[in-house]
Amino acid sequence: ELITEGGLEIDRPRLWWSVLYHFIDPGNQGMTYGAGRAAALVLAIAGSIFMNGILISAIVGWYDRYVDKWRCGLARYDETFKRRKFMIIIGAHEAVASIICQLLKRENAPEYIIVQTVLDIEKLRGTLRSALTSEQEKRVVIYAGERTSEEDLRDLHPEWAMELFILGECIEEDSRELNHDALNLTALQIIAKILEKRKAAAGSSRLTCRVMFEYQTSFSIFQYSDISNRIQNVINFKPVNFYELWAQRIFVKDNMGYGKPELPGYLPLEGDTPIRESSADTVHLIIVGMSRMGVALAIEAAHLA
């Protein structure tokens, strides 16, 4: 406001502006005069205590807590994912980095991928950092959580997801994963329960859910039997076996170079020339060691034979 002093017009700020100036900047003491200097001094001292002490400490403390939550995988981004396209991967399986790369290269790629795990978050970040580009890494969000906990699965908001993968954890690193397939099925049932509320929504479609089975017996059962109607109503169930996929690539796919000619490919089980029914040629296949990979190779070879 303009005031007149000694025949001169002076632009003096309003009272509440003056209070704010002195509160946030003690250096404004030189602008005061007369009885107002004592009040300005009190405001400057109070501003130093609250602005430089309490407020800054509160901001720094909030930031440190946020970083700790991010580092431990406890930070949640509900409002962000509600408006974004994202997919969910449950479990830090050995194949998780490869699957993330494939998903981000899709034509209809998600903007973000949420990975939930009970394993060490920093170790998983290091594993992904060595396999992903910096741009891909920015699109991966890691949540700490148990796949058999309904509360942790609700935090993932599967009702908003484009697609969901239940891989399970790395068996070699976690002895609890001896019941890997049973835990994955439990997670599938809990997710179906969460999605039941979405079923009533107009135009809602079933969520595609790919479940990784480590053991060939479990995978074979779900290949030839139906899942429960309760799950089928809300989930498009897709069983997957890591070892069978690799067995098919080795015995059936003749291109393992992934577009890189310097990487050799595998030949089909029958070699360069297909063996006909009337052919006198035979194939002898030797599998040394009947691990889960060995069992998958033997079953795939039997199918081809």
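# A tour of salt bridges

Select His-157, which is found in the loop between α7 and β6. Helices (H or I, at least four residues) and strands (E, at least two) are DSSP runs, numbered from the N terminus. This is a predicted model: local features need pLDDT of at least 70, side-chain atom pairs count only at pLDDT 80 or more, and totals for chains, interfaces and linings use all residues. Residues are numbered from 1 along each chain as its sequence is written, and side-chain values use heavy atoms, with hydrogens and water left out.

Stay on His-157. Its phi is near 50°, a positive value in a residue other than glycine. Is His-157 buried or exposed? His-157 counts as buried, at 17% relative accessibility. Buried means under 20% relative accessible area, exposed means over 50%, and partly exposed lies in between (1.4 Å probe, protein chains only).

Now turn to charged pairs. Side chains of opposite charge can pair when their charged atoms come close. A salt bridge is a side-chain nitrogen of Lys or Arg within 4 Å of a carboxyl oxygen of Asp or Glu. How many salt bridges does this rule give? The count comes to 13.

**Stop one: Arg-210 and Glu-163.** Select both residues. They form a salt bridge, and their closest N and O atoms are 2.6 Å apart. Arg-210 sits in strand β7 (residues 207-212), while Glu-163 sits in the loop between α7 (150-155) and β6 (164-166), so the pair ties together parts that are 47 residues apart in sequence. Glu-163 is buried, with a relative accessible area of 7%. Arg-210 counts as partly exposed, at 27% relative accessibility. Arg-106, Glu-163 and Arg-210 are linked in a network of salt bridges.

**Stop two: Arg-230 and Glu-196.** Here the closest N and O atoms of the salt bridge are 2.7 Å apart. Which helices hold the two residues? Arg-230 lies in helix α10 (residues 229-232) and Glu-196 in helix α8 (residues 180-199), so the bridge ties together parts 34 residues apart in sequence. Arg-230 counts as partly exposed at 45% relative accessibility. Glu-196 also counts as partly exposed, at 33%.

**Stop three: Glu-111 and Arg-84.** Select this salt bridge, where the closest N and O atoms are 3.1 Å apart. The pair links distant parts of the chain, 27 residues apart. Find Glu-111 in the loop between α4 (96-104) and β4 (112-117), and Arg-84 in the loop between α3 (78-82) and β3 (86-90). Glu-111 counts as partly exposed, at 30% relative accessibility. Arg-84 counts as partly exposed at 40%.
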